[in-house]
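Have a look at the model first, and then we can walk through it together.

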Amino acid sequence: MTVTSDRFTAKLAPCGRIQGGEHRESRDEQGLSNDETRFTCGCRTSREEYHDGSIEHVVIRHDGKLLSHETIGERGA
């Protein structure tokens, strides 16, 4: 498994504010990948690609409100 992590100082968060935070990405040899961004305000985004090729994308605002949850393809199909 390969994991990369880096910090950033100014990026547009889902709440509309410019924030710092951390971006983390991991991949395994079978095709599973996870791409997650966490902002200092508490907002976060994640994109998960599963072994079957389906993709799940989630955006959550710092107050916990789910702004977007999209699944492309069918998990387990």
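Let's start with D35, which counts as partly exposed because its relative accessibility is 26% (buried means under 20% relative accessible area, exposed over 50%, and partly exposed in between, with a 1.4 Å probe and protein chains only). D35 belongs to strand β3, where strands (E, at least two residues) and helices (H or I, at least four residues) are DSSP runs numbered from the N terminus. Please keep in mind that this is a predicted model, in which local features need pLDDT of at least 70, side-chain atom pairs count only at pLDDT 80 or more, and totals for chains, interfaces and linings use all residues. Residues are numbered from 1 along each chain as its sequence is written, and side-chain values use heavy atoms, with hydrogens and water left out.

**Around D35**

- The side chains of D35 and H23 are joined by a polar contact of 2.5 Å (a pair of N or O atoms within 3.5 Å; within protein, one must be able to donate a hydrogen and the other to accept it, and residues adjacent in sequence count only if both atoms are side-chain atoms).
- Leaving out residues up to four places away in sequence, D35 touches H23, R24, E25, T45, S46 and R47, where contact means heavy atoms within 4.5 Å.
- Between D35 and R24 there are 5.9 Å from C-alpha to C-alpha, and the two are eleven residues apart in sequence.

**The chain as a whole**

- The chain has six strands and zero helices, so its pattern along the sequence reads β-β-β-β-β-β, by the DSSP runs described above.
- Along the principal axes, the C-alpha atoms fill a box of roughly 40 × 25 × 15 Å.
- The chain has 77 residues, of which 29% count as buried.
- Among contacts with a separation of 6 or more, 20% come from residues 24 or more positions apart.

**The aromatic pair and its surroundings**

- The structure holds one aromatic pair.
- This pair is F8 with F39, in an edge-to-face arrangement with 5.5 Å centre to centre and 70° between the planes.
- For reference, rings of Phe, Tyr and Trp (its six-membered ring) pair if their centres lie within 6.5 Å; planes under 30 degrees apart count as stacked, over 60 as edge-to-face and the rest as tilted.
- Distant parts of the chain are linked by the pair, with F8 in strand β1 (residues 2-12) and F39 in strand β3 (residues 33-39), 31 residues apart.
- F8 is buried because its relative accessible area is 15%, and F39 counts as buried because its relative accessibility is 8%.
- K11 lies over the face of F8, 5.2 Å from the ring centre (a charge sits over a ring if NZ of Lys or CZ of Arg is within 6 Å of the ring centre and within 35 degrees of the ring normal).
- Not counting residues up to four places away in sequence, F8 touches residues including G20, G21, E22 and T37.

**Core and cysteines**

- Which residues make up the largest nonpolar core? The five are F8, A13, F39, C41 and C43, a core being a set of buried Ala, Val, Leu, Ile, Met, Phe, Trp, Tyr and Cys residues joined through side-chain atoms within 4.5 Å.
- The structure holds zero disulfides, a disulfide being a pair of cysteine sulfur atoms within 2.5 Å.
- C43 counts as buried because its relative accessibility is 1%.

**Q19 in strand β2**

- Q19 sits in strand β2 (residues 18-27) and counts as buried because its relative accessibility is 14%.
- At 3.4 Å, the side chain of Q19 reaches the backbone nitrogen of C41.
- Apart from neighbours within four places in sequence, the contacts of Q19 include F8, K11, A13 and F39.

**Two loop residues**

- S54 is found in the loop between β4 (44-49) and β5 (55-60), and it is buried, with a relative accessible area of 2%.
- The side chains of S54 and D52 make a polar contact at 2.7 Å.
- D63 is in the loop between β5 and β6 (66-72).
- The side chain of D63 makes a polar contact with that of R61 (2.9 Å), and a polar atom of the D63 side chain lies 3.1 Å from the backbone nitrogen of K65.
- D63 and E22 are 41 residues apart along the chain, and their C-alpha atoms are separated by 18 Å.
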